[in-house]
Amino acid sequence: MESTSAPSRAVADSSASADQGADASRHPHRLQGSLFQPIGDEGRAELVERRLVDAITRGHLRAGERLPSESDLAKSLGVAPVTVREALLALRGRGLVTTKRGRNGGSFVAEHADPLSFAREAVRATSRVALRDLGAHYAAITGACVRLAARRADPTEAQQVRRRLERLDELDGELQRRLLDDVQIEIVALSQSARLTREQMKLQAELSPYLRLVAQDADGRRGQADHLAAVIDAVEDGDPVAAGARTELMVAETVDALIQLQARIS
């Protein structure tokens, strides 16, 4: 049986880390952490490479950001250090990673690695049917999660998530995007289902680049924040219908914006 206390602790832990303010940019956020879950017995250089490529192209590792050491990556991913070394070599060959030697050396995300460019190319190469299917999948899972959260969450837990969201205007653009992703996951964590929360983290990592693409300015991010605030209100009020409906509206607007963007860049 799933523990009902784990997601609440996850929310508390995430809130504590967010209060670091300027330190937020130096610590992995929830989506970045999900990308470094163990690969297990399938651990191969190609899979490590794919995991790191996803982290870079989706913006969870930013241009110029230092990657964890080879030994730390190997431990996190559950593979041998030589496997990580081989994957990093491939990433350097693709121009996504650079290596600096010396005391402050290590592997760094290439300065030209722009997640918006990767997301724009992904939209151009994806069919409208596939975009709508991604939205339908996200809306189905996330909508079910927030409806469950509205039935199970204590109002004080929803208030705690709202306080995090209220810090949005204190952050710069990149940290705003990360905060919005984290708040969405924290709302789902109020469902008190560890399985659903893990699934949401995977979906959020997949959709995050597209959310970034359709909300590149402060007004766009504020619009997404308003949707999340309405979901939090519904969860606090114990209204599963309103929580699900607002989530579905947010997803529908995102997919429509992506299709409009696709028509302009195709």
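Predicted model: local features only at pLDDT ≥ 70, side-chain atom pairs only at ≥ 80, totals over all residues.
Residues are numbered from 1 along each chain as its sequence is written, and side-chain values use heavy atoms, with hydrogens and water left out.

The chain has 12 helices and 2 strands (DSSP runs numbered from the N terminus: H or I of at least four residues for helices, E of at least two for strands). Reading from the N terminus, the order is α-α-α-α-α-β-β-α-α-α-α-α-α-α. Of the 266 residues, 49% count as buried, meaning under 20% relative accessible area with a 1.4 Å probe, protein chains only. The chain exposes about 12,800 Å², and carbon and sulfur atoms supply 49% of that (Shrake-Rupley areas, 1.4 Å probe). Take the contacts (heavy atoms within 4.5 Å) between residues at least 6 apart in sequence: 75% of them join residues at least 24 apart.

Now for the inside. In soluble globular proteins, nonpolar side chains tend to be buried together. A nonpolar core here is a set of buried Ala, Val, Leu, Ile, Met, Phe, Trp, Tyr and Cys residues joined through side-chain atoms within 4.5 Å. The largest one has 23 residues, and Leu165, Val183, Ile187, Leu190, Leu228, Ile232 and Val235 have the most contacts inside it. Two or more residues come from each of α7 (128–152), α8 (155–165), α9 (173–189), α11 (218–237) and α12 (240–265), with α11 giving the most, 6 residues. Leaving out residues up to four places away in sequence, Leu228 touches Leu165, Leu180, Val183, Gln184, Ile187 and Met250. Another core lies apart from this one; its 19 residues include Leu88, Leu91, Leu96 and Val97.

Next, look at helix α4 (residues 70–77), where Leu73, Ala74 and Leu77 are buried. Down the axis of α4, its buried residues fall within an arc of 100 degrees, so they line one face of the helix (the arc is taken over directions from the helix axis to the C-beta atoms). Just after α4, Gly78 takes a positive phi of about 75 degrees.

Last stop: helix α6 (residues 115–125) and helix α10 (residues 194–214), whose axes come within 9 Å and cross at roughly 100 degrees. Axes are lines fitted to C-alpha atoms, for helices over the stretch in contact, and angles run from 0 to 180 degrees between N-to-C directions. On the α6 side, the contact is made by Pro115, Leu116, Ala119, Arg120, Ala122 and Val123, and on the α10 side by Pro209, Tyr210, Arg212 and Leu213.

Conventions: Buried < 20%, exposed > 50% of the residue type's maximum accessible area, 1.4 Å probe, protein only.
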